[in-house]
Amino acid sequence: MKVFPKGSEWRKWDLHVHTPASVLRNEFGGNWDDYVTLLFKKAIEENISAIGITDYYLPEGYRIIKNDYLQNTEKMKSLFSKEEIDKISKIFVFPNIEFRLSKLVIGKQNDLAWNRKLNYHIILSDEIPPEKIESDLISQIKISFDASTGSNVQKKPLTKSNLEEFGKKLIEEHLSFASAGTPLWVGMLNASVDEEEVIKILNENSLFRDSFLIGLPADEDLSEVSWNSQGHAIRKNLIKQSHFIFSSNPKTCQFLLGSNDKESFIKEFGAQKPCMWGSDAHKKEELFLPAERRNTWIKADLSFEGLRQVIFDPESRVRIQELSPQQKNTYQIIDSVRFVDTKKTNRFSNEWQSLNPDLNTIIGGKSSGKSLLLYHIAKAVNSREVQEKTELARATTYSDLDGIDFEVRWGNGEISKLSESSDEKQITYIPQLYINHLAEEDGRDQLNKLIKSLLSQNNSFKDFSREKEKEISENNKQISEKIDRIFILREQHAELAKECANFGTKLAVELEIDRITKIISELRNKSGFTEEQEQKYSTLSRRKEMLQYRSEVLEKIRTCGEQVITSTKSRIDAILETFHNLIMEDVDAPKSSSYLKHLFKNLDAEIGIAASKFIADIEIKSIKIPAHLEKIGSQLNNINTELTPLIEKVDDQKSLELFNGQLQAEQEKQKKINDIEIKQDALKKAEQECKKEIAELYDKILKEYKDYVTIVSSPEFQIENNLRISASLGFNEDKFNEFVKSFDGRANLKTLLGQLTTNEGVFNFDIEKHSQSISEVFEKLDNKAAVPPLRKGVETKDLVARLFSDCFFISYTVQYRGDDIVRMSPGKRGLVLLNLILHLSNATHPILIDQPEDNLDNRTIYDQLNDFIRKRKDKRQIIMVTHNANLVVAADSECVIVANQSGQQSDIENKEFKFEYFSGSLELSFEDKENESILYKKGIRQHVCEILEGGIQAFKERELKYGFRF
């Protein structure tokens, strides 16, 4: 028995190729060497893996090809090169005998030259010798030979000689046949068989039982046929008796799978029926070139048992199309894996273990190395994924095996190594019990991530989600920046307060100015100032004070302008770089992009022009300042000139000078205090504006999350009818408690927290009032009397940052048929969650699952779980450890890997190594009692039946489903 370690793979089959022995129509000629050479060279050229050698009534062509060529080494060497012979040896060749039934296809007179008998194909196992086919089947079939009035039709065995005799008789009776062809041709043309007789012979002879398939050609579109005619039952019974239909019509293919109503179709026709096709080649130009390139692709071993799998799984095992159905990306398929025993400890073979691109199931007894293999595949590819999942599931891990490395070879030839796990590739690894823990509290984050990944398969949702997350992130960033700004403003305010304290209080300075002013006034009065002089003195003094103030303002404006110009020139490069980086955060393009560089160059040029204009405007305004200052200086000189004689008139000049100096100093203090107060007011105003903006940003974040919750529940983002996903806004109390725990533990926080807690001290998250409640707490923080003592080391800035930290999260809810996942039984919950994981259809990386059947009953697995897996294996490679026969058989595992560890039980020893693995397809069936190794004593089918509970029953249910009887 030939073993295919990768299991069932898609290959191109041609089930209908005629030979020169096809008497009714042969355009190949009579040279068999030429025909055989052409047949196999063309098969190699067209990448054909299996050929159904087809002839009418007799397996003569198949016998010649098999006995005279394929089993004749010298003959093959004379026709083909060594390389070609090697390729031909891998082609599966089997017999297809084409009969004509006694039932007629009645056509309109203008459509058919004569009424046509129904074709009928019997495909037989290649393990049945051609001679036995002729002796035990063909010669046992009777053909109608002659008839007489009131008597039974005379019948004779279907042999070549009887066909020739039949033809001679017909030619003698009907002279028109004389010019039609040879007696054998005429005999075959008119011969017909009874399908009931053929089926009876096949079933009663143990040689043929389970070794034949019946194929009924359907030239018409069966979906368009009127099933209300007199031929309804005849047509239906013929279809029901057939294992498959010879047709490439897409509508017929879908009709026979029950595409409109599968249950009704099965009820009427007994089972779904696969369609298969071939080139029906009668001449060299037709070889392996079916009409419209409708090639038959079959996913099975190259054996008759492999072909039979199409009958058991007509939806997944056969496709009629030009290109191979296997279209997974090679870089996302694990091709093979192996342990590398560097110290030669004899624990593992260094040979590669092949994997199938679709569903791989790993089976074996207890401690046989099943999970060990799966774990090392996952860890060699993505150790971080394994650590994260096993920690959540609290699953079994395997410590490093001393002297053992592990390698994973991908379909594109890349190698992932356990010893070089830094180069991680994407996989999904599901260890034992992981699914159960997803619905528990400590698995909520993982569940939320899973559901979000599922929803993100919808591009509209993905775009919406990215935009919302970007806006939330930007708002959080702005809140953080504004909190920093508040405390910078407060620091500046405190510095001004310190500076102001050096001058004394404003009131004290004002009182001192009043006192000194009165003294100076008294000194002037004592000196005999007239009322007119007193008024003039006061007017000039006020005018002088105003001009001095204007001079100071102009000096400040000039200094400020110079500082702005200097800052602009020194910071423009840094500003542009920051601007570039901010843009890059929002753009999906590499920084090295030439297009971006071009855009940034234009941007820099425009900003440079704007900066130059900005500087020029400042310089233009500054040009006028010196002239204003000169004018003010001239006016001050004039005022001083007028004041001098008045001041000189005072008798006590020393006292006047002293008090004038004191007055000037106090007035200078007053000006500085006023300036500081103006600055402090501006700082306070800026702080209040920041606080208002923080509250608005926080409220905006809350709104963004609310929008997120609303959109999740919209119908367009639901994945299927029975599964409903919704969302709510959650609040992370643990994160918010960072704010609460900033205070001394003995403090009573109820007054501070207000509506954020209940009277009992329980945290109260009210989505509608939360933002306002946070703002109220923020206002209270400015009232030192209302703020409890902080813990040592906690700064007020930290406190505010924690108050406004983003404690929100999206909490997803899954309902299955109206039942919330939280309230489901563990088994049902596991089924739904696994369905969600497998629903990640847009994800195309491999998924590795360890015993998904945990907590599920066998009927649930058969009815639902295996269907989930069947649907997903077409999109992504699945590698699964299981003890359940239904997940192997009913899910139609393409590759079954049987694991065994020597020394676990008696009589189950390995060939050479402590851990060994043997793989193949479900159709691999054999027994070899002479082999010493337990793994190689039998085929995969036998291992499944022996190792897995319910294995035999699983095969029976699968085959009964498609009309087989035991």
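Author: Axes are lines fitted to C-alpha atoms, for helices over the stretch in contact, and angles run from 0 to 180 degrees between N-to-C directions. The model is predicted, so local features need pLDDT of at least 70 and side-chain atom pairs count only at pLDDT 80 or more, whereas totals for chains, interfaces and linings use all residues. Residues are numbered from 1 along each chain as its sequence is written, and side-chain values use heavy atoms, with hydrogens and water left out.

Reader: At what angle do the axes of α17 and α26 cross?

Author: Two packed helices are described by the angle between their axes and the distance between the axes. Here helix α17 (residues 459–501) and helix α26 (residues 796–803), both DSSP runs of H or I with at least four residues, have axes that come within 10 Å and cross at roughly 155°. Because angles over 145 degrees count as roughly antiparallel, α17 is roughly antiparallel to α26.

Reader: Which residues of α17 and α26 make the contact?

Author: With contact meaning heavy atoms within 4.5 Å, α17 contributes Ile-483, Asp-484, Phe-487 and Arg-490, while α26 contributes Thr-796, Lys-797, Val-800 and Ala-801.

Reader: Turning to strand β10, how many of its residues are buried?

Author: Buried means under 20% relative accessible area, computed with a 1.4 Å probe on protein chains only. In β10 (residues 295–300), a strand being a DSSP run of E with at least two residues, 6 of 6 residues are buried, with Asn-295, Trp-297 and Lys-299 on one side and Thr-296, Ile-298 and Ala-300 on the other.

Reader: Which strand pairs with β10 over 5 bridges?

Author: Two strands pair if DSSP finds at least two bridges between them; strand β1 (residues 9–18) pairs with β10 in the antiparallel sense over 5 bridges, and Trp-13 has Thr-296 as its bridge partner.

Key:
Buried < 20%, exposed > 50% of the residue type's maximum accessible area, 1.4 Å probe, protein only. Parallel < 35°, antiparallel > 145°, perpendicular 65-115°, else oblique.
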